[in-house]
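Have the sequence and the model open side by side.

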Amino acid sequence: MLLKDLTSDELATALADLAPPQRLVRQLHSSAVRRNATELPAEVPTVSWRLLDQIRERVAIPRLKLVNKVVSPQDGFAKYLFEGDGPGRFEAVRIPLLHRPGDEKYVVCVSSQIGCAMGCTFCATGRMGFQRNLATWEIVDQVTQVQADSPHPVRGVVFMGMGEPMLNYDRVIRAARIFSEPCGMQISGKAITISTVGIVPGIRRFTEEGHPYRLIVSLTSARSEERAKVLPVEKTYPLPELMAAVREHHAATNKRVTLAWTVLGGINTSREEAKALAELTRDLPILLDLIDVNDPTGEYRRPSGEEANAFRDALREELAAPVQRRYSGGQDIHGACGMLAAT
Ligand code: SF4
């Protein structure tokens, strides 16, 4: 079995017949996940050689191969290219939050799949098509390795890299558990964000299971016909069904729902969109995240300053909800939202 693939409780259960002390299980888990150990310890005080040997026979510490790392000279975002235990490469992005002296930290944007089947038309990962799901350890080790390479702690994880997290649900949730375990990465559940383009069964399961992690739903258009042109998932889970699931999530958590909006110049910045969004989210507390599109192919463009201002004005007038513009860094290293293509 592989460390980084199991929570510490699952590891304890898997080793139960050897009856290892609980402290030892936590120590092994922590050394692999948090301290990036590459081997099990040769000896541990008060633990017999025989027990350590038996554990060593069963347990291995897997490790991603770091193929490349690029740091943006513009904003300090860093993109890591990895190979795991299977075909294909994938990326993680380290987002620096260094503005508070004494509280410098990072958030890591992780991949959950190689490629993506969702085919959002403005996304480089979507254009790759789907290749495979990542294993839990392949998700966990992105953060372990980024942490080992960083001078400040990783305090947050966002599942917004390659892939649709809700389509690799079990492994994503297990990875999130490992990130937040006291003997794992010790990242607060509230600082772990799972983003979806609108997989309704995944949102419903996530709600039913009552996880502490944040949910972000990509809307990008509040008009079904327009949304379907850029997010093909609209044909499978149309807006009324998606919003019903989002409302259920709010009812269960009582938390403001974050909706993401990739701003596509000339496509989803009209007053009609603002009105449709207001209608769709009536009586639902939301936060709207605007993210400018990043499309190196040039098929989609960012809105002009005038267009962006007019859309913000329309949102302010039509929508009784906070709107924020999310900085999407690492554009110069192709590490920004929508640009990850394992290159
Ligand atoms: Fe997949 Fe997300 Fe890209 Fe859509 S935006 S194709 S869900 S990775």
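With which side chain does the side chain of Thr196 make a polar contact? The partner is the side chain of Glu164, at 2.9 Å. A polar contact is a pair of N or O atoms within 3.5 Å; within protein, one must be able to donate a hydrogen and the other to accept it, and residues adjacent in sequence count only if both atoms are side-chain atoms.

Before going on, note the ground rules. This is a predicted model, in which local features need pLDDT of at least 70 and side-chain atom pairs count only at pLDDT 80 or more, while totals for chains, interfaces and linings use all residues. Residues are numbered from 1 along each chain as its sequence is written, and side-chain values use heavy atoms, with hydrogens and water left out.

Back to Thr196. Its side chain also reaches the backbone nitrogen of Gly198, at 3.0 Å. Thr196 belongs to strand β8, residues 192-196. Helices (H or I, at least four residues) and strands (E, at least two) are DSSP runs, numbered from the N terminus. Thr196 counts as buried because its relative accessibility is 1%. Buried means under 20% relative accessible area, exposed over 50%, and partly exposed in between (1.4 Å probe, protein chains only). Beyond residues up to four places away in sequence, Thr196 touches Glu164, Met166, Ile203, Leu215, Ile216, Val217 and Ser218. Contact here means heavy atoms within 4.5 Å.

Now step back to the sheet. Strand β8 is part of an open sheet of 10 strands, ordered β1-β2-β3-β4-β7-β8-β9-β10-β11-β12, with mixed pairing. Two strands pair if DSSP finds at least two bridges between them. The edges are β1 (65-71) and β12 (323-325); each has a single partner strand, so one side of each is left without a neighbour in the sheet. On average, neighbouring strands are turned by 25° against each other, direction ignored. Arg94 has Val108 in β4 as its bridge partner.

Helix α12 (residues 305-318) touches β10, β11 (286-292) and β12, and its direction makes about 175° with that of β11. Helix α7 (residues 200-209) lies across β8 and β9 (214-218), at about 165° to β9. Axes are lines fitted to C-alpha atoms, for helices over the stretch in contact, and angles run from 0 to 180 degrees between N-to-C directions.

Next, find Leu242 in helix α10, residues 239-253. Leu242 counts as buried because its relative accessibility is 0%. Leaving aside neighbours within four places in sequence, its contacts are Gly198, Val200, Ile203, Val217, Leu219, Arg227 and Tyr237.

Two backbone angles deserve a look. Most residues other than glycine have a negative phi. Lys4, in the segment before α1 (8-14), has a phi near 80°. Lys4 is buried, at 1% relative accessibility. Asn254 has a positive phi of about 60°. Asn254 sits in the loop between α10 and β10 (257-263) and is exposed, with a relative accessible area of 66%.

Last, the ligand. Which residues are around the ligand? They are Cys116, Met118, Gly119, Cys120, Cys123, Thr125, Gly126, Gly163 and Val197; a residue is near a molecule if one of its heavy atoms lies within 4 Å of it. This shell divides into five nonpolar, four polar and no charged residues. Ala, Val, Leu, Ile, Met, Phe, Trp, Tyr, Cys and Pro count as nonpolar, Asp, Glu, Lys and Arg as charged, and the others, Gly among them, as polar.
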